[in-house]
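User: I have a model open and want to go through a few parts of it. Can you start with the terms?

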Amino acid sequence: MLRYSSLLKDTKAYKSLQNDISSGRLNHCYMIMGEDELAVDMLIDLFSETILCKDGGCGKCVVCQKVEDKNHEDIFEPKNLKADGIREFVEKVYVKSVGDVKIMIIRALDKVDAKVQNFLLKSLEEPIEGVIFLLGVIRQSAVLDTIKSRSKKLSLSPFTKRQLTQFFDDNYIGKPKSLVEEAVDCCLGSLSRCENLLNDEEYFGDMSEVIFVLKELTSTKVNLKMQKRLDIKDGKLARYLDIMQVIFGVLLKRKSGVNIEGFERVNVLLDSFNIATLVNFNELIIEAKQKIESYCNNENILDNLFIKMMEVKYLCR
């Protein structure tokens, strides 16, 4: 059975598919959209099981097992997301299927170049009976409007803390309960982030360090002292920047009145920065990440970042 299947079956997106099947109105193309890459990916597999399995996705039969093993004879995915891979993928639309239904999957349509996406249009404009497209999308802006208009769009919302807590209570995964609770609290409803946190126990210690440093960001003298607390060897600067970006994003939403479940540990910073400061901080983090990609010296990047953060905090006070 697919991981997280019980969670995914409780989503509006999955229930919409079930309604289409029960009413005999299965669409020729479903676009599954959401920021949670793992959830989108697994929902595509769950959709495939539900469509192909005679028992509506039982998770136990030969068909479901083939879907989970990625070797079902009527499921096709491109070998790559470049022009040659998508062109070959589209050609398989017109090959006779083994069973009654053929499923064409692109798990990351937003990573396909816009010109290459055009190869799909004829297949979507002139649907072939028994052929169903399942398209995964993280960034909606990267997908052609012509493809969106020919798809049934299903959005996947973040899971609630209650849903995730109940799931892990019912499905023990061999991790300490305290670690699971921290992962659920800090994942912001994302299965992708939750899995990463469960497999990275050092993350929470690094997050505590970052929160402490940001809390103490009060003067140039303290600034230099705080920099030394962060061990930026072995690529850890990028990790700290990712943590800062998540923290600033949560704080910005909370300061703007948006209710966000979890991540309570960052509330100690709510009174430290105003909205203008947080917006500018996020831009500074993006700039610092670009410098890492340009192979700039990590110590210089961090020093420059903290100096600019102090300037922004002063100007936006």
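Analyst: Helices (H or I, at least four residues) and strands (E, at least two) are DSSP runs, numbered from the N terminus. This is a predicted model, where local features need pLDDT of at least 70, side-chain atom pairs count only at pLDDT 80 or more, and totals for chains, interfaces and linings use all residues. Residues are numbered from 1 along each chain as its sequence is written, and side-chain values use heavy atoms, with hydrogens and water left out.

User: Where is the place of Lys-92?

Analyst: Lys-92 lies in the loop between α5 (83–91) and β3 (102–106).

User: And what is Lys-92 in contact with, leaving aside its neighbours within four places in sequence?

Analyst: Phe-76, Lys-102 and Met-104. Contact here means heavy atoms within 4.5 Å. Lys-92 and Lys-102 are 10 residues apart along the chain, and 9.7 Å separates their C-alpha atoms.

User: What is the relative accessible area of Lys-92?

Analyst: The value is 25%, so Lys-92 is partly exposed. Buried means under 20% relative accessible area, exposed over 50%, and partly exposed in between (1.4 Å probe, protein chains only).

User: Switching to helices. At what angle do α3 and α11 pack?

Analyst: Helix α3 (residues 37–52) and helix α11 (residues 191–198) pack at about 110°, and their axes are 5 Å apart. Axes are lines fitted to C-alpha atoms, for helices over the stretch in contact, and angles run from 0 to 180 degrees between N-to-C directions. The two helices are therefore roughly perpendicular to each other; the cut-offs are under 35 degrees for roughly parallel, over 145 for roughly antiparallel, 65 to 115 for roughly perpendicular, and oblique for the rest.

User: Which residues make that contact?

Analyst: Glu-37, Leu-38 and Ala-39 on α3, with Leu-191, Ser-192 and Glu-195 on α11.

User: Is Cys-194 buried or exposed?

Analyst: Cys-194 has 1% relative accessibility, so it counts as buried. Cys-296, at a relative accessible area of 36%, is partly exposed.

User: Now the whole protein. How many helices and strands are there?

Analyst: The protein has 16 helices and five strands. Its C-alpha atoms fill a box of roughly 70 × 45 × 35 Å, taken along the principal axes.

User: What share of the residues is buried?

Analyst: Of the 317 residues, 45% are buried.
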